[in-house]
Amino acid sequence: MNYKRQPTFFSTAFCFFLGLLITKTSIAQIPGDSSAIKSQADSALLKQIEEQMQSNNQPVTAAQPRSSLSFNPDIGVIGDFGASYFSKGPKNFDLYLNETEVSLQAVVDPYARADFFVSFARDPVTGKYGVEIEEGYLTTLSLPAQLQLKAGKFREAVGRINPTHPHALPFIDLPNAYVNYFGEGGLNDEGVSLSWLVPNKAFYQELVFQTTAGASESPSFMRSEGNHFIYLGHLKNFFTLDDNNTLELGLTGISGPNDSSRITNMAAADLTYKWKPVQMNTYRSLTWQSEFYYSHANYTENTSMSSFGLYSFLEYQIAKRWFLTGRYDYAQKPYNKSLKEQAYSLTAGWYATEFSKLEFEGKTTDDNTEARFYQAWLRWIFVIGAHGAHQY
């Protein structure tokens with residue numbers, strides 16, 4: 001078979017060398033054609049670039065305007081599911097949806113904004129749910145002289161806890177002294193509030209005056225059947241110590257009618273220190289907050305009672321999502337200062353995101369009228385929709 005293929009191999013080689021010779025001869029005869037081909041290619045490329053530049057210079061079509069403006073307010077819903085343990089009484093354990101809060105917030109016009117918070121809350125005694133306007137107020141945005149006016153139903157400017165919604169606090173139950181003077185719902189009333197940002201270049205300073213009709217449920221104050229209102233003044237002083245540390249000192253004075261149709265006067269002070277590194281250890285923070293209450297209640301022409309209460313807590317962030325809060329309570333009863341309570345509590349909080357958190361709290365209370373008792377709570381807070389930030 002190799003014998004028969006030899007002529008084919010020599011024929012193929014001969015044709016290849018002959019073709020190569022003809023090609024070299026042809027190229028040698030037309031030396032200028034390669035430059036012409038290159039010139040034609042450059043012209044085509046230049047033409048393509050010019051076409052692209054012309055297309056880029058076409059006028060941009062203007063964005064289509066919105067067909068209509070949205071007048072819907074920002075809507076948010078907060079759920080508060082909980083479980084509890086109480087060492088006293090026949091029923092020691094319980095499960096419940098404590099509260100559902102619906103918020104509606106929007107700017108009314110360039111001069112005012114409106115905020116409404118509707119609460120669907122469970123009565124801890126009967127277990128039934130009721131609906132109430134927790135807050136609903138209008139706030140001005142453009143008053144002169146750094147003034148701001150608020151009108152409606154709102155949580156009054158007493159210290160640090162009262163203006164804050166309970167789901168935003170770092171513990172589940174409220175301090176004993178706060179409950180003894182203002183109740184579980186706090187001082188939350190209808191009226192007007194005027195705040196003035198004091199022109200102070202050294203530190204932030206705000207002065208607030210509020211006049212309200214009177215709380216319907218409060219151990220210290222009562223809605224008067226006459227023309228008596230609750231008057232409140234609060235001075236807030238906020239100091240920026242450095243980039244990582246701040247200090248706030250607040251002073252409050254309150255005067256209003258009580259359930260004996262006479263006047264109760266209160267003085268309160270709050271002190272808050274915060275440490276939050278902005279560069280290093282960003283998952284570490286510390287807050288130390290304390291409030292002091294002094295009450296002088298007139299019950300008859302010759303009978304009055306002075307009492308005192310306080311709480312102090314320390315919150316430390318131990319990891320990215322974990323917080324520990326320890327709190328001490330001391331409280332006298334506003335109608336009888338010989339009734340005293342002391343309590344210690346510890347709360348562990350796990351913040352999954354800005355929209356949900358789990359907290360567990362244990363508390364022990366000593367009362368000079370009965371034996372020590374224990375309580376524990378578990379709550380799961382979750383948010384859907386928009387919800388404005390709480391105060392710093």
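## Salt bridges in a predicted model

Asp173, Arg327, Asp329 and Lys363 are joined in a network of salt bridges. Such a bridge is counted when a side-chain nitrogen of Lys or Arg lies within 4 Å of a carboxyl oxygen of Asp or Glu. By this rule there are 15 salt bridges.

A word on the ground rules: this is a predicted model, in which local features need pLDDT of at least 70 and side-chain atom pairs count only at pLDDT 80 or more, while totals for chains, interfaces and linings use all residues. Residues are numbered from 1 along each chain as its sequence is written, and side-chain values use heavy atoms, with hydrogens and water left out.

| Pair | Closest N and O atoms |
|---|---|
| Lysine 88 and glutamate 370 | 3.0 Å |
| Aspartate 115 and arginine 113 | 3.0 Å |

Lysine 88 and glutamate 370 form a salt bridge. This pair links distant parts of the chain, 282 residues apart: lysine 88 is in the loop between strand S1 (74-86) and strand S2 (93-109), and glutamate 370 is in strand S16 (residues 370-385). Strands (E, at least two residues) are DSSP runs, numbered from the N terminus.

How accessible are these partners? Buried means under 20% relative accessible area, exposed over 50%, and partly exposed in between (1.4 Å probe, protein chains only). Lysine 88 is partly exposed at 30%, and glutamate 370 is partly exposed at 36%. In the second pair, aspartate 115 is buried at 4%, whereas arginine 113 is partly exposed at 24%.

Note on methods:
Helices (H or I, at least four residues) and strands (E, at least two) are DSSP runs, numbered from the N terminus.
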